[in-house]
Amino acid sequence: MVTSAAAATQLDKESVPLRKGPPTKEELLVHYPAKFTWNQLKTFVNSGDLGLLKRDRTLQKRYDEWAVGITAQHGSMVNYLTNHRLRWGQRDTLSLLKSDLVEETVDALVDDTSTVESEPPAYFSWETPRRYISIIQNDWPYSVPPEIEHTLIWTKVPIYHPDLVDSSVKPRIDQDGLWGFTGNDEPPPSPSNLPSCLPSLSEWGITADKMIKSDPPTPAQAALIERAGKEVHRFVKNKWAESEWETAWFVNPPRLQSVPGLAHVHVFARHKI
């Protein structure tokens, strides 16, 4: 079996020409090599500022150009996603970036329209019917190592909801978002490790003084923040079996949402096998 790293050494820019639109795995390997390690990604997620997570700058420019055409064709990015890209309740067959998880759990994505409810759920949970969910690979992934899958969980129902987000912590969640980790008995990298990781963000001009994050929460606040993210955390644990996968998941705060009209979760997943 040829690994992603080995595959990259067998490819070059001449054999993998640049296309337009979402990139292939080969294009990512050759033209947009990962800028961050798995440990750096986890450190950024746990830093308190999800704005540290970046897409390759050249790939970002390609995305921006593509988005102009998509918006002109469909009227908006939300229209493109809801009417074309997201196949609610069904397996993703449009992605150019294949997932090991999808191949192994096809049966888990069957459409469940036989049990249509009169009203959708109030908010996203681990029990949300699949017809309200679309799980796809990020067509425009962040700068992650080749062995890391960048998956998106799109949902028709809200993730941030008053029944989950206590009003006392809502302002900090609105600024910082939510995040968590699964599949590893060791704690995630401490934010104290961030100074050693910041040099990898130099081309984006990121320095410690430019970070946007809240002060460390009190124990009571931490419990409420955990409660706000518990449904997402349980969904991720159920979907990415901890015996096989390690993940870092996050929900961007409103200030960082590229498609604010649709709720979604980002999942960085590393297959252990």
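This is a predicted model: local features need pLDDT of at least 70, side-chain atom pairs count only at pLDDT 80 or more; totals for chains, interfaces and linings use all residues.
Residues are numbered from 1 along each chain as its sequence is written, and side-chain values use heavy atoms, leaving out hydrogens and water.

**The sheet**

S1 pairs with strand S2 (residues 148-155) in the antiparallel sense over 5 bridges; two strands pair if DSSP finds at least two bridges between them. Both belong to an open sheet of 5 strands with antiparallel pairing, in the order S1-S2-S5-S4-S3. At its edges are strand S1 (133-137) and strand S3 (178-182), each pairing on one side only. On average, neighbouring strands of this sheet are turned by 20 degrees against each other, direction ignored.

**Helices on the sheet**

Helix H3 (residues 38-45) lies across S2, S3, strand S4 (245-251) and strand S5 (263-271), and runs at about 35 degrees to S4. Helix H9 (residues 219-239) packs on the sheet too, touching S1, S2, S3, S4 and S5, and its direction makes about 40 degrees with that of S3. Contact here means heavy atoms within 4.5 Å. Axes are lines fitted to C-alpha atoms, for helices over the stretch in contact, and angles run from 0 to 180 degrees between N-to-C directions.

**Salt bridges**

How many salt bridges does the structure hold? There are 11, a salt bridge being a side-chain nitrogen of Lys or Arg within 4 Å of a carboxyl oxygen of Asp or Glu. Here are some of them:

| Pair | N to O distance |
|---|---|
| Arg-62 and Glu-27 | 2.9 Å |
| Glu-246 and Lys-42 | 2.9 Å |
| Asp-139 and Arg-85 | 2.7 Å |

Glu-246 lies in strand S4 and Lys-42 in helix H3, so this pair ties together parts 204 residues apart in sequence. Buried means under 20% relative accessible area, exposed over 50%, and partly exposed in between (1.4 Å probe, protein chains only).

Asp-139 counts as buried at 12% relative accessibility, and Arg-85 counts as buried at 3%. Finally, salt bridges that share partners join Arg-19, Glu-27 and Arg-62 into one network.

Technical notes
Helices (H or I, at least four residues) and strands (E, at least two) are DSSP runs, numbered from the N terminus.
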